[in-house]
Amino acid sequence: MAQRTVADLLVQRLAEWGVERVFGYSGDGIDPVLGALRQAGRPEFVQARHEEAAAFMAVAQAKYSDGPGVCLATQGPGGVHLLNGLYDAKLDSQPVVAIVGQQTSSVLGSAYQQEIDLGRLFADVCAQFVQVAAVPEQLPMLIDRAFRTALATRSPTYVILPHDVQTAPAPDPTAHEHGIMITSPGLRPARVLPCAEDIRAAADVLEAGQRVAIMIGQGAYGAAAEIVELADRLGAGVTASLLGKPVLDERLPYHTGVMGHLGTTASADLLKECDTLLLVGTNDPWTEFYPAPGQARAVQIDIDGRRLGVRYPIEVPLLGDAAETVRALLAEVRPTTNRTWRARVEERVRDWHEIAGARAAASAEPLNPQYVVRALAGRLPGNAQVAVDVGSVVYWYARHLRLPPGVPAHLSSTLASMGCGIPYGIAAKLAAPDRPVVVLTGDGAMQMSGLAELVTVAARWRDWADPRFVVCVLDNRDLAEVSWEQRETEGEPRFAASQRLPGVPYAHYAELLGLRGIRVTTPRDLDAAWETALSADRPVVVDAVVDPAIPLVPPGQQSGTVAAMYAGLAAEDGPLARRAEAYLRRERTNEGYHDPSAPPD
């Protein structure tokens, strides 16, 4: 019988931590670990097409399953490629453990092939824990600390394994001597509650409010019922950060939708007019859409004390679990009898739905991307999982896709990295193979990494209990979000050399991989395309050819703040710019504004 090695011990430890799969890409620096995974049979090794995608998958594993994600890469370029996905984990506060190989210890410092100072490279992204295993005896302790730290701080951690350490004999687990650290796996969650006097102080602030707004983020998962009860008791309106969109049923008549630059007019109005603000598990950076400082008295609930009071002046910060803390507030807060504010919020919500519906139904050449996403809303299966890539598609997801209760939806939000969509979708599917997955992406993100990871989908789909995996590509041959950012923030015309994308036959490419492809160029074909895709016997790519001239308009902006958009468009030649001017004027009028800087009809 072959002697057990440190690599074998690592694989065993991963299983003891409940790890079901490891995402990665092979290389000589981790050959011993790969061999140990093969022999053990679990955790499952999931091969991505690129280490960056593997790291995205590990982040998505954490998001969709609420457990730590694990990614594996070789030394040098393999480790470097993990960086972007690990920053996604850091900025969206997700527990991920990265395990990376390294050259043999004896050559380190010699400028050896693929030798990189990995500890220094990852010191920022994995600031909570980066360690190298110098001797075999360290390995169990380092893995245990990496997982505990990732879970306790909700951040990525990093363990570096030189090749010679991986192949060394496994240490004696019963050793009991100076300098030997014997640890054990496992971490159980705890109840975290604020002090009773702080709960009472927060209740006093909330009860005194006449116009209460509640903003929820991803930290409010698991507290939906409590938040609904508290909102009803206070007569409050509710808005959500982008990460908090799936937490609460958006069909609630007082739910104003997503806030911020890509949010709704109802959310903008809610935050402009409130006199009291309750933040629950959110760290959203769009502070210009918060109430003006001094406008509202504020209470904040967060499990991480480092986030309390960093986005808005907070009168009562509450360190605690969202559900437990809101439950404690419910024991103190008396119901209001004044429903005037709630009635006003509900009216604004109805107004927004009319605005959104009109925008989605408006003409475009050939398809309106808002209509493409809105058409999915009524067809999304109740057991679906949604993944969203970064770009203009996020605006349409935030504003037009109402998620059925219990349907998770995730994206790279704070880092906002293109290329996350299909890796996220794959991880969601592996976490729940019996649930359909829908990925919403733009053509820029699809060309960046989606085409490669569609190969992963093609290689794995036959193993899934439910083969439905729908990728909808908004195909406009433009990096549309950046084009509109150039106009909005700089007053600059679209720079075609940087923004124009080459045409790719996405549906045909899917067919070449043995999947199903559907190309949609007219509104009349869209409903049938969604129906076909969501009932297919294999993954489907829906290539929706959409108009790049549809504007990305932030909600509730005065005419002066959109003047730069008109200025940028005025400096552009061609029919695209003229359509974009007309659409911008149309959507601003639809929102109730008449911009003096707009060109005449």
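Strands S17 and S18 (residues 540-545) run parallel and are joined by five bridges. Ile518 has Val542 in S18 as its bridge partner. A word on provenance. This is a predicted model, where local features need pLDDT of at least 70 and side-chain atom pairs count only at pLDDT 80 or more, while totals for chains, interfaces and linings use all residues. Residues are numbered from 1 along each chain as its sequence is written, and side-chain values use heavy atoms, with hydrogens and water left out.

Now the terms for this part. Helices (H or I, at least four residues) and strands (E, at least two) are DSSP runs, numbered from the N terminus. Two strands pair if DSSP finds at least two bridges between them.

Back to the sheet. It is open, has six strands, and pairs in parallel in the order S14-S13-S15-S16-S18-S17. The edges are strand S14 (409-410) and strand S17 (516-520); each has a single partner strand, so one side of each has no neighbour in the sheet. Helix H15 (residues 392-400) lies across strand S13 (385-388), S14, strand S15 (437-442) and strand S16 (469-475). H15 runs at about 135° to S15. Those angles run from 0 to 180 degrees between N-to-C directions, with axes fitted as lines to C-alpha atoms, for helices over the stretch in contact. Contact means heavy atoms within 4.5 Å.

Next sheet. This one is also open, with six strands in the order S9-S8-S7-S10-S11-S12 and parallel pairing. Strand S9 (255-258) and strand S12 (316-319) are at the edges. From one strand to the next, the twist averages 15°. Strand S8 (residues 237-240) pairs with S9 over two bridges, in the parallel sense. There, Val238 stands opposite His255 in S9.

Which helices lie across this sheet? Helix H12 (residues 322-330) lies across strand S10 (276-280), strand S11 (297-302) and S12, at about 135° to S11. Helix H13 (residues 340-361) lies across strand S7 (212-216), S8 and S9, at about 50° to S9.

On to the rings. Rings of Phe, Tyr and Trp (its six-membered ring) pair if their centres lie within 6.5 Å; planes under 30 degrees apart count as stacked, over 60 as edge-to-face and the rest as tilted. The count by this rule is seven aromatic pairs. Why is the pair of Trp17 and Phe147 stacked? The ring centres are 5.1 Å apart and the planes are at 10°, so Trp17 and Phe147 count as stacked. Trp17 is in the loop between helix H1 (6-16) and strand S1 (21-24), and Phe147 is in helix H7 (residues 139-153), 130 residues apart.

Are they buried or exposed? Buried means under 20% relative accessible area, exposed over 50%, partly exposed in between (1.4 Å probe, protein chains only). Trp17 is buried at 11%, and Phe147 is buried at 0%.

Phe122 and Tyr158 are stacked too, at 3.8 Å centre to centre and 20° between the planes. Phe122 is buried at 0% relative accessibility, and Tyr158 is buried at 0% as well.

Last, charges. A charge sits over a ring if NZ of Lys or CZ of Arg is within 6 Å of the ring centre and within 35 degrees of the ring normal. Lys245 has its charged end over the ring of Tyr397, 5.2 Å from the centre. Arg487 has its charged end over the ring of Trp484, 4.5 Å from the centre.
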